[in-house]
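Dear colleague,

Please find the structure for your review below.

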Amino acid sequence: MSRFWSPVVHTLTPYVPGEQPKILNLIKLNTNENPYGPSPKVIAALQAEAAETLRLYPDPNADRVKGAVAAFYGVQPTQVFVGNGSDEVLAHVFQGLLRHAEPVLFPDVTYSFYPVYCGLYSIQYETVPLTAEFEIDLGHYARANGGIIFPNPNAPTGRPVPLAAIEKLLQQNRDSVVVVDEAYVDFGGETAIPLVARYPNLLVVQTLSKSRSLAGLRVGFAVGDAALIEGLERIKNSFNSYPLDRFAIAGAVAAMEDRAWFDQTRNAIIRTRSDLTQSLERLGFEILPSTANFIFARHPRHDAAQLQQKLRERAIIVRHFRQPRIKQFLRITVGTDAECKALVEALAAIIG
Ligand SMILES: Cc1ncc(COP(=O)(O)O)c(C=O)c1O
């Protein structure tokens with residue numbers, strides 16, 4: 001606390017990211033990182049970038065990244081916005097596209113950064129409860145709003161929303177922006193990017209942190225109508241001209257271009273998710289159907305907070321949220337086969 005703080009600072013409840021432990025040799029299944037490294041072509045591109053040219057500022061528009069994303073999805077570069085992780089993209093989206101007289105709508109159980117951005121930018125919001133089965137029912141979003149945002153698949157539940165339901169929402173909700181946060185879409189979901197051509201109020205946000213294994217490089221992007229992107233560029237150019245440094249630009253381009261590595265690693269994660277789900281179900285866990293690189297699991301006879309603690313004592317970390325509806329769940333990132341085997345063995349020993 002300081003008397004020198006601007007008034008808004010006193011009102012903030014900042015987001016708390018999952019732990020990044022300083023201890024080595026932990027099995028880290030708590031922040032949905034990719035267990036496989038990035039493409040070797042990304043590493044080569046980063047090494048090539050470590051050169052005398054670092055004295056120069058990077059391209060403020062990161063045009064090569066926009067071009068690579070546009071080529072991957074068959075859209076125009078003018079329909080692509082890039083930022084320092086999708087968190088930064090989302091921050092600009094809240095400030096630039098979702099700050100209106102009516103409240104923003106998002107699920108009651110979802111990515112916990114959304115209410116934080118609302119606090120930072122003084123945006124009113126209303127939460128819409130998930131169904132009893134922890135699904136997003138977009139039929140419940142038919143009311144006056146200043147914008148709608150949800151992850152697909154949702155976090156931390158992992159449950160997807162069908163594309164047809166998103167299109168129906170877009171047909172009914174034409175006067176505010178609908179943001180689909182597709183941080184985890186590449187692990188079995190269906191992207192809404194093809195709908196961008198038909199719905200000028202749709203914005204799809206993605207990240208290179210998960211399916212392209214670049215959480216450490218900080219690159220995210222949004223795809224939408226060129227007029228939405230122009231609005232985001234105005235915010236970005238009033239905040240930080242160079243959100244992507246030279247490494248981020250080089251690495252992101254190489255990652256978007258290496259389709260084979262992307263497919264190989266995400267398919268491995270999808271396979272492991274299925275094996276992990278079956279193994280945990282054999283131990284009596286209930287698992288929500290997931291199309292993400294994590295699963296959301298609860299055990300009818302064991303307290304989630306205690307399970308998390310006991311796993312930690314065995315050097316395995318998973319995520320637990322002390323939030324009313326989900327406090328009996330653990331969110332477990334899908335690791336390598338060996339990491340998941342160690343997790344299953346530890347849980348078998350803990351629950352006897
Ligand atoms: C739903 C969702 N959106 C966005 C992000 C932000 O990802 P990043 O800032 O690494 O791109 C995360 C990170 O975990 C997430 O879970």
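**Ligand site**

Of the 13 residues around the ligand, those that come nearest are S86, D181, Y184, T207 and S209; a residue is near a molecule if one of its heavy atoms lies within 4 Å of it. This is a predicted model, in which local features need pLDDT of at least 70 and side-chain atom pairs count only at pLDDT 80 or more, while totals for chains, interfaces and linings use all residues. Residues are numbered from 1 along each chain as its sequence is written, and side-chain values use heavy atoms, with hydrogens and water left out.

The shell around the ligand divides into five nonpolar residues (Ala, Val, Leu, Ile, Met, Phe, Trp, Tyr, Cys and Pro), four charged (Asp, Glu, Lys and Arg) and four polar (the others, Gly among them). Helix α4 (residues 85-97) supplies the largest share of this shell, four residues. Helices (H or I, at least four residues) and strands (E, at least two) are DSSP runs, numbered from the N terminus.

The side chain of D181 places an N or O atom 2.7 Å from a nitrogen atom of the ligand. Taken alone, the ligand exposes 400 Å², of which the protein buries 92% (Shrake-Rupley method, 1.4 Å probe).

**Helix α6**

In helix α6 (residues 163-172), L163, I166, E167, L169 and L170 are buried (under 20% relative accessible area; exposed is over 50%, partly exposed in between; 1.4 Å probe, protein chains only). The buried residues of α6 pack against β5 (147-151), β6 (178-181) and β7 (202-207), where contact means heavy atoms within 4.5 Å.

**Residue N30**

N30 is found in the loop between β1 (27-29) and α2 (40-49) and is buried, with a relative accessible area of 3%. Its side chain joins that of K28 in a polar contact of 2.9 Å (a pair of N or O atoms within 3.5 Å; within protein, one must be able to donate a hydrogen and the other to accept it, and residues adjacent in sequence count only if both atoms are side-chain atoms). A polar atom of the N30 side chain also lies 2.9 Å from the backbone oxygen of E19. Not counting residues up to four places away in sequence, N30 touches G18, E19, I317, V318, R319, R331 and T333.

Yours sincerely
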